[in-house]
Amino acid sequence: MSETGYAASPRIRWTEWLPWLAGVAVFFLLPEYLLFGARILTYILFALSLDLIVGYAGIVTLGHSAFFGAGAYVAGILAAKVKLTDPIVLLVAATVAAGVLGVTTGAVILRTRGLTQLMLTLAIAALCLEVANKATPITGGADGLSGVTIAPIFGLFRFDLFGKTAYLLCLVTLLAGWWLVRRLIYSPFGATLTGIRENSDRMHAIGAPVYRRLLAVYTISAMIAGVAGALSTETNQFVGLNVLGFEPSGELLVMLILGGVGRLYGAFVGPVVFLIAQDALAKQFPQFWYLGIGLMLVLVVLFARGGLLGLADALAARVRRSV
Amino acid sequence: MTHTALETRALCKSFGALTVADQIDFRLETGIRHALIGPNGAGKTTFVNMLTGRLAPSSGQVLLGGGDVTRLSQEARVKRGLGRTFQINTLFRGMTVLDNVALGVAERQRVGGRPWRPASAYAHVRDEAVDLLRTFGLETDARRRVVDLPYGKQRLVEIAIALGLQPTVLLLDEPAAGVPSLESGRILDALAQLPAHIAIMIIEHDMDLVFRFAQRITVLVQGQVLREGPPAEIADDPRVHQAYLGERRG
Amino acid sequence: MDALLSSLVSIAFHGVAYGMVLYVISVGLSVTMGLMGFVNLAHGVFAMAGGYILTSSLGRFALPFPVAVGLAFLLVAIGSMALERGLYRHFYGAGELEQVLFTIGLIFMAVAIAQLVFGTLQQPVALPPWLKGQFPLLGRDFPAYRVFLIVVSGAMIAALWFGVERTLWGAMVRAAVDNRAMAQSIGINTRQLFALTFALGSGLAGLGGALGAEIIAVQPTYPFEHLIYFLTVVSVGGLGSLRGPFVAALFIGVSDTACKYWLPQFGAFFIYAATIAILLWRPTGLFGTRV
C-alpha cells in the first residue's frame, strides 16, 4: 500500500517518474502505436478516478462509466451538433457536465449503503445507456455519434491520423490528473477517505462530516472520469454506445483490481497490462480471453488482493529479506 | 451552581412493542466519574447511542452543556464536546496508531477536509497526536498498524482517539471488555489519568473497576433507572442485588 | 375500445408470465443475500445453465419436456452446491468489493464457457406440441406455453412459500435471516443451512431459466444482460423477503411488457427510473427490513 497519512512524506520518489519517462519514450520510439497509446492513457485516467472512490473511499460502484460516457457524449454532441470544436473548451465542458451528474447522483447514492447502493449505481448507469441509446437524433443511438470534428489545440496542433497530438494531449492531461489525485490522497482530506473506508462508524464518532466528504470525492472522481471520456471522443472523433453501461464499468474495475486497488499506481499498471493483453489476444481467441479474465479475477481476489503491484511489493520484500 | 454536563429528560425508545428505554432521567455533573451498570439487555448501549445521536429517541430530550441537542447529528454533538469509545473495537484497523489518533485531532482542529497541502505539513495535528500517545505510553507504537497491536493497547488507542476530540463529556462503553486481567490494570491507570474537568460516564461489567473508579452509579434495568446514588448506597441496595442475581439465574 | 381491452389483457397476461419467471429465478438470490449477506452478481449464471440444460435435453437428447425441466433444477442445484463448497464460502466474511469482483469473475468464465460449448447464437427451444398451440379461456385464446408457465410457476411459488412458512427448514431459514448469531446459539447448523439454501435457490434459478427459455433467450451473455433485472427484483422487493420480490417481479414483468408495447421508443427507461425512485423512497426495498 502506498503510504499516506500524517507521518508520510509527500515527496515524489524517483520511481514515480518512471511512468512519465515511459510515456515520453513511447512517443519517440513507437510512433505507429500512438492511437493505441492514447487509449491506454485515457483508461489510466479513468482508472485513477475510479481508484479514488473504490480504493480510497471504499465506495463499490458498478456504474462509473456513466461519468466517462457523459463526458464523451457531451464533448461529442457539442462538437458534432453545436460546432463547438475547441478541444480545451470541450474538456472543460465535459468536466462540468460529469461533475453535475456526479454531484446529483452522488447526493442520492451516498445516502444508501450495501446492495441498495450497488443497485443504484448500476441503475443510474443503465439509465444513461438507455438515454444515449434511444435519443437517436442527438446521440446517434446504436450507430454511434459521428461527424465529430475537433479543431487544433490552441489553433496550432491539429489532430493527426497517427494520433501524435492526441497522445500528447492525453499524456499532459493524465499528468495533471495524476498530480491532482496525488495531492488529494496525501492531504488530510485523503486521510479522511481512508478512514471512511476503514470504518465509517468511527468517522461519524470523531465528528467528521462523512456524507459531505464522500460527496466531494464522488464529484471529483466523476469530473476526472468525464475528462477521460472527452479525451476518448477527441482521440477517436467518434462516440459509441460502448462507453456506457455495465460492461465498461466492470472492465474498468477489472483493470484496477489487476493493477492493485487503493495504491495510486495500480491504476497505471492495470490498464497497460489489460489493454495490451486484450489487443494481443482478444481478437484471435475471444472466448479464451473472457475465460482468462474471469479466472484472473477469481485468483486475484482469492490470493493476491493487492493486484500486480501487491505481488511486486511482496516479491521485493522477499528479495530484501534474503539479501 | 453546579453545571450539568449532560442530561436526559424522559428519554424513551421503543422498537414496535419492545420498549428499550423508558422515561430515563439522567444527569451527569461536570467533571464527575459516573458509572452506568445493569444486567445484559438492560438497554445501556441503546441509551449511549441515543446520547451520541447514533439512534433517534422515540420521545424525550438530550441536553449537552444545557443546550438541547436531541435533533442534532452525531457530528454536531462531537463538535459540542461529546466523545465516546466503543464496546467492540472500532478502530481504523489498517492505519497506523498515529493516524488513528490524528484523524480525530484533525477533525477537532477543523482541518480534516483540507484537500491540498499534504497531511504531514499539519505539524500541530501530528504533534498533538504524538503527545496523546505519549500519555498512554504508546509513542513507540506510533508507526505500527493498529491490527498488529495487542488487544489491551488497542483499547488504549480507542481512548486516545476520544481524548483527541477534547471532549467535555466522555462516554466509555466497556473500556476493559475483552482485555486480559493482567492488562486491565493499565486501562484503569489510563482512566485515572484522564483530565479532571471531563465528565466521564463509564459502562462496565467489571464491578471491581466500577467501584474503584466511580463517584456515582446509575443502575439501569429493563430500560428504566432502578437506582442512582454513590457507590456505597448502591452496593447495599437489595434491589440491585436482586437484579443481578436474577440475571444469573436466567 | 375492445382493441384497448384486448391489448390490456394481453399485456397483463404476458407481463404476469414474464414476472413469474423473473421471480422463480430471483427468489433464491433474495434469500441467499438476506441469509448470508453475500452479493452474488453471478446468480444469472445458474439461470443460464438451466436454460442450456433444457435446450440441449430437448434438442440433442430429445427428452420429454418435464424431464428436461426437472434435470435443469437438479443439475444446477448440485453444481451450485459444489461451487458453494469450493469457492463461495471463502468469501462469506469478505468485503463487498471482493464479493462483487469474485462473482463478476464467475460471470466472465461462465460466458466464455457457454460460448465455447454452445457458440454465440441463441439456442432454439424445441417445445413439445402440447405447449405450442393456443389455450382458450373466457372466450379468448392464450398461448399455451405462457399459460403453462403461469400455472407451473404459481405451483412452485405456492410450494416454496408453504415450505418456508410451515417446515422446520423454513423456520430455521427465517430465524437465521432475522438474527444469525441467535440462530447459531440455539444450535442451528448455519453452515449446512447456507449450503442447502444456496443449492435450493440456485436450483430454482436453473428451473426459472429452463421454464422461461422461450421468453428470456438462452445465449452466452445472459448473465450480464439480465443481471440488472434480477438485482432489481431483489433490491426493490427487499432482501430476505419472499413476498417483496414477488410483488417487484410482477411489477417489473407487467411494466416492462407495457413499456415495450406502448412506448418502445423509451426502451427500459421507465423501469430504471422507477427502480431508482423506489429505492430512494424505501432504501431497504418494499418489504425489506435491513440494508
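Predicted model: local features only at pLDDT ≥ 70, side-chain atom pairs only at ≥ 80, totals over all residues.
Colleague: Why is the meeting of the side chains of B:Glu107 and A:Arg213 called a salt bridge?

Modeller: The term asks for a side-chain nitrogen of Lys or Arg within 4 Å of a carboxyl oxygen of Asp or Glu. Residues are numbered from 1 along each chain as its sequence is written, chains are lettered from A and ligands numbered from 1 in the order in which they are written, and side-chain values use heavy atoms, with hydrogens and water left out.

Colleague: How many salt bridges and how many residue pairs in polar contact are there between chain B and chain A, and what makes a contact polar?

Modeller: Between chain B and chain A there are three salt bridges, and 18 residue pairs are in polar contact, with both residues at pLDDT 80 or more. A polar contact is a pair of N or O atoms within 3.5 Å; within protein, one atom must be able to donate a hydrogen and the other to accept it, and residues adjacent in sequence count only if both atoms are side-chain atoms.

Colleague: Which elements give two or more residues to the side of chain B that touches chain A, and what makes them elements?

Modeller: They are α2 (74-79), α3 (97-108), α4 (123-135) and α5 (151-163) of chain B, and α3(B) gives the largest share, seven residues. Helices are DSSP runs of H or I with at least four residues, strands are runs of E with at least two, and both are numbered from the N terminus. By class, this side of chain B divides into 18 nonpolar, seven polar and twelve charged residues, where Ala, Val, Leu, Ile, Met, Phe, Trp, Tyr, Cys and Pro count as nonpolar, Asp, Glu, Lys and Arg as charged, and the others, Gly among them, as polar.

Colleague: What is the area buried between chain A and chain C, and how is buried area defined?

Modeller: Buried area is the accessible area (1.4 Å probe) that two parts lose on being put together, summed over both. For chain A and chain C this comes to about 3,700 Å², 86% of it on carbon and sulfur atoms. On the chain A side, A:Leu115, A:Met119 and A:Gln287 supply 16% of the area buried against chain C, more than any other three residues. For chain B and chain A the buried area is about 3,000 Å², of which carbon and sulfur atoms give 59%.

Colleague: How do you know that the side chains of C:Glu98 and A:Arg305 meet in a salt bridge?

Modeller: Their N to O distance is 3.9 Å, which falls within the limit already stated, so the pair qualifies. The count between chain A and chain C is one salt bridge, and the rule finds two residue pairs in polar contact there, both residues being at pLDDT 80 or more. The elements of chain A that give two or more residues to this contact are α5 (114-134), α11 (246-259) and α13 (286-303), with α5(A) giving the most, 14 residues. The side of chain A that touches chain C has 28 nonpolar, five polar and four charged residues.

Colleague: What makes domain 1 and domain 2 of chain C separate units, and how many residues of each take part in the contact?

Modeller: The bounds come from an automatic or database domain assignment, which divides chain C into domain 1 (1-17 + 226-291) and domain 2 (37-125 + 168-220). Seven residues from domain 1 of chain C and five residues from domain 2 of chain C take part, contact meaning heavy atoms within 4.5 Å.

Colleague: Why are β2 and β5 of chain B said to stand at the edges?

Modeller: The open sheet of four strands in chain B has the order β2-β1-β4-β5, with antiparallel pairing, and two strands pair if DSSP finds at least two bridges between them. β2 (18-29) and β5 (67-68) of chain B each have a single partner strand, so one side of each is left without a neighbour in the sheet. Within the sheet, five bridges join β1 (residues 4-15) to β4 (residues 59-64) of chain B, so this pair meets the rule. B:Glu7 stands opposite B:Leu63 in β4(B).
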